[in-house]
Amino acid sequence: MICLVVMGVSGAGKTTIAERLAERLGWPMGDADEHHSESSIEKMEAGTPLTDEDRIPWLGEVRDWIDEQSAKRENTVMACSALKRAYRDILREADAHVVFVRLSADHDVLASRIGSRKGHFMPSRLLESQIGDLEPLEPDEAGIAVDVADSPEQITETILRELHFIGGRAA
């Protein structure tokens with residue numbers, strides 16, 4: 001089974017792109033934000049960056065969700081920041097072939113997007129800590145990096161083309 005993990009810092013468009021990919025591929029989609037503990041959400045709302053101790057159990061829950069889908073023989077799409085290699089390694093423990101789609105954008109674009117969002121617990125002042133934590137994909141991590149300057153439709157097309165996905169199957 002395959003799990004596409006759409007990753008990046010807050011404001012990069014992870015959920016938007018993951019939703020579009022899931023729709024195009026006909027795969028279930030998960031959002032890692034739904035797995036945060038109440039205490040982690042409170043920390044972020046207060047402007048306090050999460051620590052590795054906060055994130056490790058959360059990433060374990062995300063990995064477990066991927067495992068549950070894989071056990072049902074479902075390919076999936078997951079929106080998850082997955083900022084550090086160590087975090088991605090936890091996700092790669094899942095019983096699925098995990099492929100990362102790293103979304104990147106100019107700092108000003110990200111800050112503008114975060115500032116215009118309504119109803120999200122991640123304040124713009126945490127962007128710097130996320131950028132500081134973001135580690136690029138390494139050669140042994142399956143995945144691609146995509147700039148998000150284009151429209152969501154164009155970004156989705158670029159991802160599908162680069163990953164060679166046609167009709168929900170790897171080409």
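Q: Leaving aside its neighbours within four places in sequence, what is R85 in contact with?
A: R92, E135, E138, D140 and E141. Contact here means heavy atoms within 4.5 Å.

Q: Which side chains does the side chain of R85 make a polar contact with?
A: One is the side chain of D89, at 2.7 Å, and another is the side chain of D140, at 2.8 Å. A polar contact is a pair of N or O atoms within 3.5 Å; within protein, one must be able to donate a hydrogen and the other to accept it, and residues adjacent in sequence count only if both atoms are side-chain atoms.

Q: Before I go on, what sort of model is this, and how are residues numbered?
A: This is a predicted model, where local features need pLDDT of at least 70 and side-chain atom pairs count only at pLDDT 80 or more, while totals for chains, interfaces and linings use all residues. Residues are numbered from 1 along each chain as its sequence is written, and side-chain values use heavy atoms, with hydrogens and water left out.

Q: OK, back to R85. Is R85 buried or exposed?
A: R85 counts as buried because its relative accessible area is 14%. The cut-offs are under 20% relative accessible area for buried and over 50% for exposed, with partly exposed in between (1.4 Å probe, protein chains only).

Q: And which helix is R85 found in?
A: R85 is in α4. Helices (H or I, at least four residues) and strands (E, at least two) are DSSP runs, numbered from the N terminus.

Q: Which residues in α4 are buried?
A: R85, Y87, R88, I90 and L91. The cover over the buried residues of α4 includes β1, α3 and β4.

Q: How do α3 and α4 sit relative to each other, then?
A: Their axes come within 8 Å and cross at roughly 25°, so α3 is roughly parallel to α4. Axes are lines fitted to C-alpha atoms, for helices over the stretch in contact, and angles run from 0 to 180 degrees between N-to-C directions. Angles under 35 degrees count as roughly parallel, over 145 as roughly antiparallel, 65 to 115 as roughly perpendicular and the rest as oblique.

Q: Is that crossing of α3 and α4 left-handed or right-handed?
A: Right-handed. The rule is that a crossing is left-handed if the near helix is turned anticlockwise from the far one by less than a right angle, and right-handed if clockwise. On the α3 side, D52, R55, I56, L59, G60, V62 and R63 make the contact, and from α4 come Y87, I90 and L91.

Q: New topic. Which residues have a positive phi although they are not glycine?
A: R73 is one, at about 65°, and A82 is another, at about 45°. R73 is in the loop between α3 and β3, and A82 is in the loop between β3 and α4.

Q: Are R73 and A82 buried or exposed?
A: R73 counts as exposed because its relative accessibility is 63%. A82 is at 0%, so A82 counts as buried.

Q: Last one: how many helices and strands are there in the chain?
A: 7 helices and 7 strands. Buried residues make up 49% of the chain's 171 residues.
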